[in-house]
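Please consult the sequence and the structure while reading.

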Amino acid sequence: MKSPFDRNKNDTNAQSKGIGSQPIWRTMFMFLLPLILSNALQSIGQLVGSVIVGRWLGVNALAAISAFFPLFFLLVSFTIGVGSGSSILIGQAYGARNEERLKAIVGTTLTFTFILGVVLALIGGLFTWDVLRLIGTPENIIAVSVHYARILFWSMPILFLYFAYTTFMRGTGDSKTPFYFLIVSTALNVGLLPLLIFGKLGLPKFGIYGAAYASVISTILTFAVMLVYLGKIKHPLQFDASVRQHLRMDLGLLKLLLRLGIPSSINMILVSLSEIAVITFVNRFGSDATAAYGAVNQVASYVQMPAISLGITVSIFAAQSIGGNQFDRLKQVIRAGVLLNYIIGGVLIILVYVFSQDILSWFLTSKHTLDIAHSLLMITLWSYLIFGHAQIITATMRASGTVLWPTVFSILSIWCVEVPVAYALSHFSSLGIQGIWVGYPAAFIISLSLQYSYYRWSWKKKRIERLVH
């Protein structure tokens with residue numbers, strides 16, 4: 001059996017040949033498909049849970065889950081940033097065939113991630129009620145939302161270790177193994193949902209909390225199976241004695257890890273804080289509005305998946321072009337990314353527009369709540385094409401190491417446009433809750449304008465023209 005190091009080298013060579021032998025858009029599309037499928041699978045468990053909770057347990061139950069997720073996303077944002085930093089270090093060590101350094105990075109990251117998970121579990125578990133009350137969660141759902149949140153918070157240390165390991169594998173160029181185990185996790189989650197919610201096969205009936213338990217149990221079981229599998233195939237990332245020797249954190253590595261991860265963490269934290277601000281505005285309109293917000297976010301999460309996946313794809317192909325001083329290919333990558341965004345995203349958005357009532361009815365049975373959600377979806381759906389275009393420009397600049405200004409522009413568009421527009425139109429205009437959703441397209445348009453202006457008039461001159469000369 002070939003070692004993972006050898007397999008990675010062969011995959012890289014094959015990819016390089018593919019890039020040169022077929023149109024760039026086709027190569028990018030074939031790379032893009034697994035990413036979209038991975039992102040879709042990550043949301044299927046949550047989607048099915050929302051459908052079951054919304055249709056069989058009611059609007060208030062769905063609202064209770066929806067009220068909690070912005071807070072949960074806030075607490076995991078820092079870990080996502082740390083994961084992005086560790087994937088860079090893992091990739092460097094793996095590419096250099098430095099297995100000792102790879103093990104040190106894994107050990108340091110695992111220990112830091114576990115400690116971070118424990119701290120955030122304590123903070124989240126102890127202060128959930130206070131935070132949810134602070135953001136205006138309706139009184140008729142806050143108790144259920146707090147209970148649901150605490151189940152996930154107390155499981156954070158293990159959940160974070162699983163997230164870390166999937167990040168490690170992607171850092172070695174292995175995207176297939178995380179995808180396969182994601183299928184396992186999703187299948188377990190979907191299978192456990194009705195059993196734990198309704199108490200089937202002799203299991204306790206947990207009601208709405210069964211969705212949280214299904215998520216936790218499926219993740220823990222998948223993580224355990226993954227560790228066994230990595231040990232069986234002698235993967236460099238297996239949790240063996242050499243990794244355990246490095247569980248005492250290397251402070252030098254930790255500083256480097258944080259330096260790489262903190263910019264992404266700050267961006268993620270500020271995005272999640274903006275969602276907390278938005279749901280605070282939504283909560284003013286009652287639990288029906290909160291449930292509508294949750295349903296619309298579920299649909300929007302799928303609509304924006306191609307854009308997010310394209311951002312990752314463009315960043316990888318752009319980095320290859322920049323590294324090889326291939327200016328013409330870089331231009332082809334950008335054009336192909338923009339083209340794929342408008343074709344794939346456009347087709348998906350048209351389908352959602354046509355079948356929006358049917359799709360929203362998966363989550364909502366109340367006609368009043370359904371009407372709120374439908375009106376909100378009509379306002380924002382088209383703007384995700386603009387969001388995708390901005391993602392491609394941002395990914396191109398990040399591929400060259402330009403991180404600061406794209407991050408600044410993203411933060412400005414959210415906190416100086418989206419949140420103020422949502423607040424002003426929902427509080428001081430006749431639009432009411434619909435005014436909140438106007439903030440999203442406004443922010444996307446401003447973000448694209450800022451990103452493209454900087455790309456066209458500053459970054460392109462400094463970075464791209466250097467390749468030509």
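In this predicted model, the loop that joins α7 (176–198) to α8 (209–232) contains Leu201. The backbone of Leu201 has a phi near 55°, a positive value in a residue other than glycine. Most residues other than glycine have a negative phi. Is the side of the chain at Leu201 buried or exposed? Leu201 counts as exposed because its relative accessible area is 77%, and the cut-off for that class is over 50%.

The axes of α7 and α8 lie 8 Å apart and form an angle of about 145°, and the crossing of α7 with α8 is right-handed. The contact between α7 and α8 is made up of 15 nonpolar and eight polar residues, with no charged residues.

Thr128 is placed in helix α4, which covers residues 99–134. Thr128 is classed as buried because its relative accessible area is 0%, where the cut-off is under 20%. Leaving out residues up to four places away in sequence, Thr128 touches Leu71, Val146, Ala149, Arg150 and Phe153.

The two residues for which accessibility has been given are set out below.

| Residue | Relative accessible area | Class |
|---|---|---|
| Leu201 | 77% | exposed |
| Thr128 | 0% | buried |

Which residues does Trp437 contact, beyond its neighbours within four places in sequence? The partners of Trp437 are Val282, Tyr293, Val296, Leu376, Ile379 and Thr380.

Finally, the chain may be considered as a whole. The secondary structure of the protein chain consists of 18 helices and zero strands. The chain has 469 residues, and 53% of them count as buried. Among contacts with a separation of 6 or more, 80% are between residues 24 or more positions apart. The accessible surface of the protein chain amounts to about 20,600 Å², and carbon and sulfur atoms account for 66% of this area.

Methods:
Residues are numbered from 1 along each chain as its sequence is written. This is a predicted model: local features need pLDDT of at least 70, side-chain atom pairs count only at pLDDT 80 or more; totals for chains, interfaces and linings use all residues. Side-chain values use heavy atoms; hydrogens and water are left out. Helices (H or I, at least four residues) and strands (E, at least two) are DSSP runs, numbered from the N terminus. Buried means under 20% relative accessible area, exposed over 50%, partly exposed in between (1.4 Å probe, protein chains only). Contact means heavy atoms within 4.5 Å. Accessible areas come from the Shrake-Rupley method with a 1.4 Å probe; for residues, only the protein chains shown count as cover. Axes are lines fitted to C-alpha atoms, for helices over the stretch in contact, and angles run from 0 to 180 degrees between N-to-C directions. A crossing is left-handed if the near helix is turned anticlockwise from the far one by less than a right angle, and right-handed if clockwise. Ala, Val, Leu, Ile, Met, Phe, Trp, Tyr, Cys and Pro count as nonpolar, Asp, Glu, Lys and Arg as charged, and the others, Gly among them, as polar.
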